[in-house]
Amino acid sequence: MATDDIPAFIGGREGEGRRALITGLRGFTGRYLAQELTNAGYRVIGTVMPGEETGPDIHPVDLLDREAVQRMVDEVQPDVVAHLAGIAFVAHTNAELIYRVNVVGTRNLLEALANGQHRPTSVLLASSANIYGNASVPVIDENVPPAPANDYAVSKLAMEYMARLWMDKLPITIARPFNYTGIGQAENFLLPKIVSHFRRNEKRIELGNLAIARDFSDVRMVARAYRRLLAVAPGGEAFNVCSGSSHSLANLIDMMSEIAGYHIDVQVNPAFVRANDVLTLSGSNSKLTAVIGQLDPTPLSETLRWMYLA
Ligand SMILES: Nc1nc2c(ncn2[C@@H]2O[C@H](COP(=O)(O)OP(=O)(O)O[C@H]3O[C@H](CO)[C@@H](O)[C@H](O)[C@@H]3O)[C@@H](O)[C@H]2O)c(=O)[nH]1
């Protein structure tokens, strides 16, 4: 996109006077997106799981409780919705819960929104690049056929297909984020685990499959992308959300060694090796940037330094 074509909302206050609902407000991404949307002028209203700490504009609601979801939606009457609540850890061991939360939970939300008096102008669903599985092309764009290789990926693809049934009633955008990281991500994910080992000055780390590569973004870039998608995405489309550059695990360890100033001994612990792993995920963000403008991805080494020094 040429510079003079940059969408007007960039740096703007497009959320002024509008209500944004974030499901999973206190999750890793939810906290960053809340900040991003607040900065753009939205009044941010969020859901948390019952039992979590509440506050003004925070609704404790289990997305599996259909009636509670309807009550929440009727009360909030959101102008835009970012649905982030769900199971995000690919190696989660409870397959039944993965499907219930990611598919049925999403369905409950869409049904409530479609039933509501006030129709949102945009509903963003967080799917996953994991749906592409072990694709045979080096760089994955949105035309690559999905080939999910594990329950998590199947649940996200099922969510996408289910969402299509609601697209005549709601302006739904599917985001397919590739990997991303930042301060606050749980340590069962690869990068926070590596960073925390270096922060603790440990000389040895046990990992699972070492032959992997991922396209990592900074969570703040992902929040920016989601905000812009909420403002301009046409509805009915899926977008990869990624930086466009991929790193092998060896490369990630080298980067962290350089930041921390020492080498770490990497050993394989079979307990961390996944049976149905996706080995390489490297994405094209051309479709995304054509719609929302350039994202100026933060170099991964800067994101890692930010996490290391936190
Ligand atoms: N977590 C973890 N992963 C390891 C380890 N050792 C090797 N890996 C490998 O490192 C890769 C990245 O693992 P995660 O950080 O757990 O992320 P993911 O499985 O790629 O899933 C993330 O990205 C998806 C989008 O591509 C997201 O949809 C998902 O929610 C999550 O954020 C996987 O291939 C995993 O097998 C380890 O000790 N821990």
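Author: One thing before we start: UniProt annotations may be inferred rather than shown by experiment. With that in mind, an unreviewed UniProt entry lists residues 21-293 as "domain: NAD(P)-binding". What you're looking at is a predicted model. Across residues 21-293, the chain is 37% helix and 18% strand, and the end C-alpha atoms sit 24 Å apart.

Reader: How do I read the sheet: in which order do the strands come?

Author: Strands of a sheet pair through backbone hydrogen bonds, either parallel or antiparallel. Here, seven strands make an open sheet, ordered β3-β2-β1-β4-β5-β6-β11, with parallel pairing. β3 (58-60) and β11 (237-241) are at the edges with a single partner strand each, so one side of each has no neighbour in the sheet. From one strand to the next, the twist averages 20 degrees.

Reader: How many bridges join β6 to β11?

Author: Five, between parallel strands, with β6 covering residues 172-177. Ala-175, for example, has Phe-239 in β11 as its bridge partner. Helix α4 (residues 151-164) packs on the sheet, touching β5 (122-126), β6 and β11, and its direction makes about 165 degrees with that of β6.

Reader: And at what angle do helices α2 and α3 cross?

Author: Two packed helices are described by the angle between their axes and the distance between the axes. For α2 (residues 66-76) and α3 (residues 95-115), the axes come within 9 Å and cross at roughly 40 degrees, and the two helices are therefore oblique to each other. Their crossing is right-handed. The contact involves residues including Val-69 and Val-73 of α2 and Leu-109 and Leu-113 of α3. Its residues split into five nonpolar, three polar and one charged.

Note on methods: Residues numbered from 1 in each chain as written. Predicted model: local features only at pLDDT ≥ 70, side-chain atom pairs only at ≥ 80, totals over all residues. Pairing = 2+ DSSP bridges. Helix = DSSP H or I, 4+ residues; strand = E, 2+ residues; numbered from the N terminus. Axes fitted to C-alpha atoms, helices over the stretch in contact; angles between N-to-C directions. Contact = placed C-beta atoms within 7 Å. Parallel < 35°, antiparallel > 145°, perpendicular 65-115°, else oblique. Left-handed = near helix turned anticlockwise from the far one by under 90°. Nonpolar A, V, L, I, M, F, W, Y, C, P; charged D, E, K, R; others polar.
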